[in-house]
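Here is a short report on one protein chain. The sequence and the model come next, then the details.

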Amino acid sequence: LFCGGGTPTCLPAGALKMILDELRYSFSLMAGCEITVEANPGTVDAAGLETLLKAGVNRLSLGVQSFNDGLLCMLGRIHNTAQALEAVSLARTAGFANLNLDFIFGIPGQTLSDWQDTLAQAAALGPEHIAAYGLQLEEGTPLAQGVGRGEICACPEDLELMMYRHAVEYLNA
């Protein structure tokens, strides 16, 4: 069961628990099935994470995106690096043994060195999974509009390809 495609943790943890309880009532979930909730690091706290774990969530996916505060700002994220690191710590303290961290490459202004540093920091945290995505400029977002108006330079394709290749090599190693 995957609760995501956004930030379900914008809801109070008790409301998410009610949704999960209703899903269990309405559908036959296999015992021990993976139940994932996506979260923005800026929307989690210790009590909420403990509630989710008690509600049966056994995999947390944190949308960290970068460990560079300037790039997080460029993306319009509501969290910073310190909050992302704190969210990982809170998740582990709450008891999450299956943690995914999401990251984006190809962000305007991002360098290969930025990307390498982010991946190294991510790996050092020991998550069970790291997801790396190339940035997609979504129509209507401030970032896409800035690129469209020429106010922001999109990441060059050759640099984005180098970032992708580095992620494949580094994470496989």
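Predicted model: local features only at pLDDT ≥ 70, side-chain atom pairs only at ≥ 80, totals over all residues.

## Lining of the largest pocket

Strand 3 gives the most, with four residues.

The lining has 26 residues. Nearest the centre of the pocket lie Gln65, Leu75, Arg77, Ile104 and Leu135. By class, the lining holds 11 nonpolar, 11 polar and four charged residues. The space in this pocket comes to about 650 Å³.

Which order do the strands take? The five strands form an open sheet in the order 1-2-3-4-5. Their pairing is parallel. Strand 1 (2–3) and strand 5 (129–134) stand at the edges. Each has a single partner strand, so one side of each is left without a neighbour in the sheet.

Strand 1 runs parallel to strand 2 (residues 36–39), and two bridges join them. Here Cys3 stands opposite Val37 in strand 2.

## Ser61 in strand 3

Ser61 belongs to strand 3. Is this residue buried or exposed? Buried means under 20% relative accessible area. Ser61 has 3% relative accessibility, so it counts as buried.

What does Ser61 touch? Leaving aside residues up to four places away in sequence, Ser61 contacts Thr36, Val37, Glu38, Ala39, Asn100 and Asp102. One of these, Val37, is also the residue that stands opposite Cys3.

## The whole chain

The protein has seven helices and five strands. Along the sequence they follow the pattern β-α-β-α-β-α-α-β-α-β-α-α. The radius of gyration is 17 Å, close to the 16 Å that the globule rule gives for 173 residues, so the protein is as compact as a globular protein of that length. Taken along the principal axes, the C-alpha atoms fill a box of roughly 50 × 40 × 30 Å.

Of the 173 residues, 40% count as buried. Ser61 is among the buried residues. How far apart in sequence are the residues that meet? Among contacts between residues at least 6 apart in sequence, 73% join residues at least 24 apart.

Note on methods. Residues numbered from 1 in each chain as written. Heavy atoms only, no water. Pairing = 2+ DSSP bridges. 1 Å grid on protein atoms, 1.4 Å probe; cavity = no way out; pocket = protein on both sides within 12 Å on 5 of 7 lines; lining within 4 Å. Points joined across faces, edges and corners; volume = space filled by probe spheres on them. Nonpolar A, V, L, I, M, F, W, Y, C, P; charged D, E, K, R; others polar. Buried < 20%, exposed > 50% of the residue type's maximum accessible area, 1.4 Å probe, protein only. Contact = heavy atoms within 4.5 Å. Rg over C-alpha atoms; globule rule 2.2 N^0.38 Å.
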